[in-house]
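Thanks for coming, everyone. Let me put the structure up, and then we'll walk through it.

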Amino acid sequence: MTFLMKKALNLFTSFYSLIIVIVVWEIIARSGIVPFFFLPPISTIAYTFINIASDLLLPHALLTIYRALAGFALAAIVGVLMGLSMARIRLAHWFFDPIVALGLPIPPLTLVPIFILWFGIGNESKILLVAFGCVFPIAVSTYNGARNVNSLLIWSAKMMGTDDRRILWKVVIPAALPFIFNGLQVALPISLVVAFVFEMVAGGGGLGFLEIYSARFFKAPELFSALLAIMIIGFVFDKIFQKIRSKALHWAQR
């Protein structure tokens, strides 16, 4: 009994703020102060979430995940290559630096109409806009990491007869990995946000489409269930990424 009480106490202390919000939400929703459509009870949302999880939420969630991860993967490849080339090749820095400086401050969601005009409302436009939204943070972080590699490491490798290609793979990239992972960690939630909002605007399935569809037909529990699903996906993605990061950078932590 004591063990269970300690576990419950640890759980409460870890998530006490969230538990308080849930309890207050449930009380206010049950009191009728706020109309049901604007604030359905948490218990109703949870019941709806469980009932529609396999038939409705899962197909839409998989579609959103596919679009977000495909765009994120494309941005990771392009962003890392761009950042490394900018740091190591003067001509590449001259070419890409104005593009990054112009593209980084642009909110990707403002480009939704342009991407619909150019690529339609299918998966291609959503994946490409996700990639656009993610590529610049990854490129900048990679550039900063590769640019700030300790010069003594590079000089030592050159003194030992190491060519430029091996210096890149054996010195620059390992030293820049913490920065690269920082950029990836910033870009990962961006990929979900861009995919979700694009689906709200353009349709074509996905959790964003399900949320706006539920709002149009006043299905508040389904609306909040879709929102809960994207929150859970984001939380799980973040935890998985942290595990991958800790495994890949165990040497840096030591």
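**A loop, a core, a pocket**

Start with Phe-218, which sits in the loop between helix 8 and helix 9. Helices here are DSSP runs (H or I, at least four residues), numbered from the N terminus. Phe-218 is not a glycine, yet its phi is positive, about 60°. Its relative accessible area is 63%, so Phe-218 is exposed. The cut-offs are under 20% for buried, over 50% for exposed and partly exposed in between, with a 1.4 Å probe and protein chains only.

A word on the source. This is a predicted model, where local features need pLDDT of at least 70 and side-chain atom pairs pLDDT 80 or more, while totals for chains, interfaces and linings use all residues. Residues are numbered from 1 along each chain as its sequence is written, and side-chain values use heavy atoms, without hydrogens and water.

Now the core. The largest nonpolar core has 51 residues. Such a core is a set of buried Ala, Val, Leu, Ile, Met, Phe, Trp, Tyr and Cys residues joined through side-chain atoms within 4.5 Å. Which element gives the largest share of this core? Helix 7, with 15 residues. Leu-184 is among the residues with the most contacts inside the core. Leaving out residues up to four places away in sequence, Leu-184 touches Phe-72, Ala-76, Ile-138 and Phe-241. Contact means heavy atoms within 4.5 Å.

Next, rings. There are 12 aromatic pairs. Rings of Phe, Tyr and Trp (its six-membered ring) pair if their centres lie within 6.5 Å; planes under 30 degrees apart are stacked, over 60 edge-to-face, the rest tilted. Trp-118 and Phe-119 are edge-to-face, 6.2 Å centre to centre, with 90° between the planes. Trp-118 is exposed at 59%. Phe-119 is partly exposed at 37%. Phe-181 and Phe-241 make a tilted pair, 5.8 Å centre to centre and 55° between the planes. This pair links helix 7 to helix 9, 60 residues apart. Phe-181 is buried at 9%, and Phe-241 is buried at 8%.

The largest pocket holds about 480 Å³. Its lining has 14 residues, and the closest to the centre are Leu-18, Ile-22, Ile-42, Leu-228 and Met-231. A pocket is an open set of points on a 1 Å grid over the protein atoms alone, where a 1.4 Å probe fits, with protein on both sides within 12 Å along at least five of seven lines; lining residues have an atom within 4 Å of a point. Helix 9 gives the most to the lining, six residues.

Key: Grid points are joined across faces, edges and corners, and a volume is the space filled by probe spheres set on the points. Helices (H or I, at least four residues) and strands (E, at least two) are DSSP runs, numbered from the N terminus.
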